[in-house]
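I opened my notebook to keep track of what I looked up, one entry at a time. Here is what I had on the screen.

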Amino acid sequence: MSDDGVWVYAVAQAGSLREGDAGIGASTADPLPGVAGGPVRLVSVSDLTAVVSPVDLAEFGEEPLRRNLERLPWLEAVARSHHGIVAAVAKTTAVMPMRLATVYRSEQGLAAMLGERHGDFIAALGRIAGRSEWGVKAYVARAAQSSEPRRDRRPGTPSRPGSGADYLKKRRAALSATEQARQNTVATAERVHSQLAGRAVAAALHRPQDPQLSGTDDRMVINASYLVDDERQTEFTATVEQAATTSPELRLELTGPWPPYSFAAADPGGPAPGARAPR
Amino acid sequence: MTADHLAPERTRAAGDLDREPIALVDLLDRVLGGGVVLAGEVTLSLADVDMVTISVRALVASVSALANQDQGDSP
């Protein structure tokens with residue numbers, strides 16, 4: 001018989017979530033399967049409820065998990081399944097998502113943590129209630145990239161001979177023009193980010209995405225998440241549209257609404273609720 | 001001039017399962033980079049920088065291999 005661990009998706013306020021909501025629980029008509037296909041259930045401690053499902057520790061225990069997380073197809077399947085459940089629950093109530101691959105050996109261990117960290121979770125839920133995360137990425141627009149200065153050569157005309165010093169002077173000028181264009185783009189990106197952050201409750205920056213993962217060579221200059229009041233969603237998305245129009249040197253992409261993954265911590269650079277030093 | 005910047009269809013909600021599929025890279029930024037981090041009895045320390053770095057390197061290698069197999073597929 002396999003050994004089951006407990007995969008944790010998210011934590012919500014108890015009473016706001018019940019078996020039967022969002023495909024949770026064996027009795028549901030249309031159950032959402034968990035990451036290992038197991039049933040999604042609730043574990044409640046005082047006024048907190050964790051959304052969980054059983055996972056086989058042979059696949060999801062510490063060692064196999066480390067190996068599996070490095071296999072892209074496995075990681076993708078698990079990440080999408082995990083997100084599917086977090087997002088479904090987020091439609092019903094405010095949830096604090098857990099980082100991918102939070103696994104307890106037992107429900108008792110999870111329950112003990114919820115008891116100990118009760119205050120942190122209540123505070124975190126208070127920070128995100130009635131709010132959603134929106135993602136904005138900005139790339140240097142193709143037209144802007146191709147207009148970076150090059151040595152000017154008109155087809156069909158012979159190149160004019162010039163001195164070595166002349167060539168070097170032109171090259172230096174071209175490089176500084178490129179550098180100037182680059183600085184202008186960065187300044188524009190900072191302005192756009194500032195504008196969007198002004199329409200949000202909080203903002204979090206991510207690392208620029210690896211081109212091999214994102215599938216584009218275009219240079220990414222913003223990769224950010226914004227926590228926006230649901231009531232101000234239209235205003236926020238309109239601001240993104242407006243920024244796109246007034247900054248043609250950037251190509252903007254908007255994603256959302258997301259559950260508030262990027263806003264688990266009180267201070268985006270600081271520790272998330274329940275965080276402890278690793279053993 | 002082509003509308004490379006934000007087009008109305010791009011404001012579609014990526015979180016809605018019945019709309020545009022979510023790009024894996026955007027998903028990983030959030031589920032791996034975000035969320036509450038706990039020390040549990042089974043601790044997968046994704047907060048551990050080495051772990052994340054190793055995973056990203058392995059991912060890049062995997063993606064290259066996949067990209068070579070499935071030409072033209074973009075995430």
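My entries follow, starting with the ground rules.

**Ground rules**

I am working with a predicted model, where local features need pLDDT of at least 70, side-chain atom pairs count only at pLDDT 80 or more, and totals for chains, interfaces and linings use all residues. Residues are numbered from 1 along each chain as its sequence is written, chains are lettered from A and ligands numbered from 1 in the order in which they are written, and side-chain values use heavy atoms, with hydrogens and water left out.

**The two chains**

I started with chain A, which has nine helices and 10 strands. Helices here are DSSP runs of H or I with at least four residues, strands are runs of E with at least two, and both are numbered from the N terminus. In chain B I found two helices and zero strands.

Next I checked burial. Of the 279 residues in chain A, 45% are buried; for the 75 residues of chain B the figure is 47%. Buried means under 20% relative accessible area, exposed means over 50%, and partly exposed is in between, using a 1.4 Å probe and protein chains only.

Then I looked up surface. Chain A exposes about 13,800 Å², with carbon and sulfur atoms supplying 50% of it. Chain B exposes about 4,000 Å², and there carbon and sulfur supply 51%. These areas come from the Shrake-Rupley method with a 1.4 Å probe, and for residues only the protein chains shown count as cover.

I also looked at contacts in chain A between residues at least 6 apart in sequence: 77% of them join residues at least 24 apart. Contact means heavy atoms within 4.5 Å.

**A cavity with both chains in its lining**

Rolling a probe the size of a water molecule over the atoms shows where empty space is left. A cavity is a set of points on a 1 Å grid over the protein atoms alone where a 1.4 Å probe fits but cannot get out, and lining residues have an atom within 4 Å of a point. Points are joined across faces, edges and corners, and the volume is the space filled by probe spheres set on them. I got two cavities of 30 Å³ or more.

Which residues line the second largest cavity? I noted G135(A), V136(A), K137(A), N223(A), A224(A), E253(A), T255(A), D26(B) and R30(B). The elements giving two or more residues to that lining are β7 (131-140), β9 (220-229) and β10 (250-258) of chain A, plus α1 (24-31) of chain B. β7(A) gives the most, with three residues. This cavity has a volume of about 30 Å³.

By type, its lining splits into two nonpolar, three polar and four charged residues. Ala, Val, Leu, Ile, Met, Phe, Trp, Tyr, Cys and Pro count as nonpolar, Asp, Glu, Lys and Arg as charged, and the others, Gly among them, as polar.

I then followed α1(B), where eight of its eight residues are buried. Among them are D26(B) and R30(B).

**S262(A)**

R30(B) came up again here: S262(A) touches E133(A), A204(A), H206(A), S225(A) and R30(B), not counting residues up to four places away in sequence. S262(A) sits in the segment after β10 of chain A and is buried, at 12% relative accessible area. Its side chain makes a polar contact with the side chain of E133(A) at 2.7 Å. That term means a pair of N or O atoms within 3.5 Å; within protein, one must be able to donate a hydrogen and the other to accept it, and residues adjacent in sequence count only if both atoms are side-chain atoms.

Most residues other than glycine have a negative phi, and most peptide bonds are trans. I found a cis bond from G256(A) to P257(A), with omega near -5 degrees; P257(A) lies in strand β10 of chain A.

S46(A) has a positive phi of about 45 degrees although it is not a glycine. It lies in the loop between β3 (41-45) and β4 (48-56) of chain A. Is S46(A) buried or exposed? Exposed, with a relative accessible area of 61%.

A101(A) has a positive phi too, near 70 degrees, in the loop between β5 (95-97) and β6 (103-104) of chain A. A101(A) is buried, at 2%.

**M96(A)**

My last stop was M96(A) in strand β5 of chain A, buried at 0% relative accessibility. Leaving aside neighbours within four places in sequence, its contacts include A10(A), F121(A), F263(A) and V36(B).

Definitions and conventions: 1 Å grid on protein atoms, 1.4 Å probe; cavity = no way out; pocket = protein on both sides within 12 Å on 5 of 7 lines; lining within 4 Å.
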